[in-house]
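Here is a protein chain for you to explore. Take a look at it first, and then we'll walk through some of its strands and side chains together.

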Amino acid sequence: MEKLTVQEKGLDLSLGTAQSLIDFVECTLENASDEELITMQEQVVSRIDAEVVKRGKEAANPDPVEKDDFGVKVFVCEDLKKLCENNIIVHEGKPIVKGNGIKTAEVDKYARLNVYISSKQGKPQAVLKSLVDQSTQQLQAVPVRGEVYSVEYTPRVRGRHHLLISVDDQPIPGSPFSVFIKIPPTKLDKPVRVIRRINEPRYMAFNSSDELIVTNYSGDVLVFDKKGKQIRSISKSKHGFVGISGVAVDKEDNIYVCDSSKHCVYKFNKRGDLLKRFGTKGRGPKELNFPRGIAVAGDQVFVCDQNNHRVQVLTTELEPVKQIGSEGTGNEHFNCPEDVAVDNKQMMYVTDCYNHRVQVLTMDGRFIRSIGKKRSGQGDLSTPRGVCVTGFVCHWFYIVDYYNGCVSVFTKDCQFVTSFGNGHITNLFGVTVDTDGFVYACSDGSVVIF
């Protein structure tokens, strides 16, 4: 009976805690601002995701001791005292990736990496191969203690790499390992390459094959490979383009192009065959007036309907869904919106050109915050144009600051990081980032790559 009483008290306490939590949530929902709710939602989702990953790893690896037939294990650790049974990669003393084999890690370009290899079969060989320029580095394995060898290296090239480790010319389990070498935006000071002879480049997008698609305002839609060689185009003469600007790609690699001067949006497949066209000049729900930037997120298309001072939302079949915003200077109002991007948290970033700011909105158009004001200081903007949000390799977004002649970089929580490009780029419009972390900016007659 006494044991039952204790259990009842515990149940009452649990129920009381649950009710207190419910009361707290209800109070928060009633009194918190939209921005506070969004922040709380992001924090809760992030915490749940982390717990799911943690439990998934625990369930998949109940025994922390890795077993392999070759007697080879790979570690990347801050020192030998922390060699562990599970493979782990550490950068600047902080674990990045854990699991069976080094998976993908993100480290700074100039970081020095240590790989510790436990091998019963003899001295390992290691090669680092860049997937960007195909260059290789032969890495020296040095005996450290017993059967443990150390490979220490500093990558020379940023972007994606494969780390190949073998013993007696046989790859060890999990090799090659993937390492992503990113570069902080503060080091994007000089161009690394230029794609020239594009008359009036406006905006860009990448497809799933890492092909760069560029709109040439008075010409064709141009497609380039990773080396900057033009491989095909969508012809102006065939489709009657007058002034093409924004371009976006969906998950099926369909291409969406805004023709500002014809007040319409085209949808092409990857080969460049026309699938559909939307819009005529006007102010109605099926009309556009000088459309500029465009973005695709899921099954929705977002178009900056510039002279109507709004963002038009369409389906990927180019059927109208709704309009966001109207002319003005307040929140959720625009003065010639130029470009739009959507991040992986379903936040929309709109360059509000002549209000000299970027507005951050929810997908349904609710205002969250704005960035910038018309000045020339750090973090200020003057006639912002292109905007690009990254998330696959880093957590920044890039804004073309037209009259200040640079690209400004902000964190996802809208804190200014740096700006770059002054003196190297002019007449700026679009900006984008490839899967290796290189930044592309549409300059006067060329695409400049940082």
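## A strand covered on both faces

In strand β33, W396, Y398 and V400 point one way while F397, I399 and D401 point the other way, and all of them are buried. Buried here means under 20% relative accessible area, exposed means over 50%, and partly exposed is in between, using a 1.4 Å probe and protein chains only. Strands are DSSP runs of E with at least two residues, helices are runs of H or I with at least four, and both are numbered from the N terminus. In a regular strand the side chains alternate between the two faces of the sheet.

Before going on, a word on what you're looking at: this is a predicted model, where local features need pLDDT of at least 70, side-chain atom pairs count only at pLDDT 80 or more, and totals for chains, interfaces and linings use all residues. Residues are numbered from 1 along each chain as its sequence is written, and side-chain values use heavy atoms, with hydrogens and water left out.

Back to β33, which covers residues 396-401: six of its six residues are buried, so the rest of the structure largely encloses this strand. Who are its partners? On one side, β33 is joined to β32 (residues 384-389) by four bridges, and the two run antiparallel. On the other, six antiparallel bridges link β33 to β34 (residues 406-411). Two strands count as paired if DSSP finds at least two bridges between them. D401 is the bridge partner of P384, and D401 also has C406 in β34 as a bridge partner.

Now find β29, residues 347-352. Is this strand mostly covered or mostly open? It is mostly covered, with six of its six residues buried. M347, Y349 and T351 sit on one side and M348, V350 and D352 on the other, and all of these are buried.

β29 pairs antiparallel with β28 (residues 337-342) over five bridges, and V342 has M348 as its bridge partner. With β30 (residues 357-362), β29 forms six antiparallel bridges, and Y349 stands opposite V360 there.

| Hairpin | Residues between the strands | Residue with positive phi | Phi |
|---|---|---|---|
| β28 and β29 | four residues | Q346 | near 60° |
| β29 and β30 | four residues | H356 | about 55° |
| β33 and β34 | four residues | G405 | near 65° |

## An open sheet

There's also an open sheet of four strands, in the order β13-β38-β37-β36, with antiparallel pairing. β13 (193-195) and β36 (431-433) are at the edges with a single partner strand each, so one side of each has no neighbour in the sheet. From one strand to the next, the twist averages 25°; axes are lines fitted to C-alpha atoms (for helices, over the stretch in contact), and angles run from 0 to 180 degrees between N-to-C directions. Three bridges hold the antiparallel pair β13 and β38, with V194 opposite V448 in β38.

## The nonpolar cores

In soluble globular proteins, nonpolar side chains tend to be buried together. A nonpolar core is a set of buried Ala, Val, Leu, Ile, Met, Phe, Trp, Tyr and Cys residues joined through side-chain atoms within 4.5 Å. Which members of the largest core touch the most others? They are L212, Y440 and V447, out of 29 residues. Among the strands that each supply at least two residues of this core are β15 (212-216), β37 (439-443) and β38 (446-449). Apart from this core lies another, of 17 residues, including I183, L188, C388 and V439.

## An arginine tucked away

R310 lies in β24 (residues 310-315). Its relative accessibility is 9%, so R310 counts as buried. A polar atom of the R310 side chain lies 2.9 Å from the backbone oxygen of G284, and the side chain also reaches the backbone oxygen of E287 at 3.1 Å. Leaving out residues up to four places away in sequence, R310 touches a group including R283, D305, Q323 and F334, where contact means heavy atoms within 4.5 Å.

## The whole chain

Zooming out, the chain has three helices and 38 strands. Of its 450 residues, 50% are buried.

Note on methods. Polar contact = N/O pair within 3.5 Å; in protein donor to acceptor, adjacent residues only side chain to side chain.
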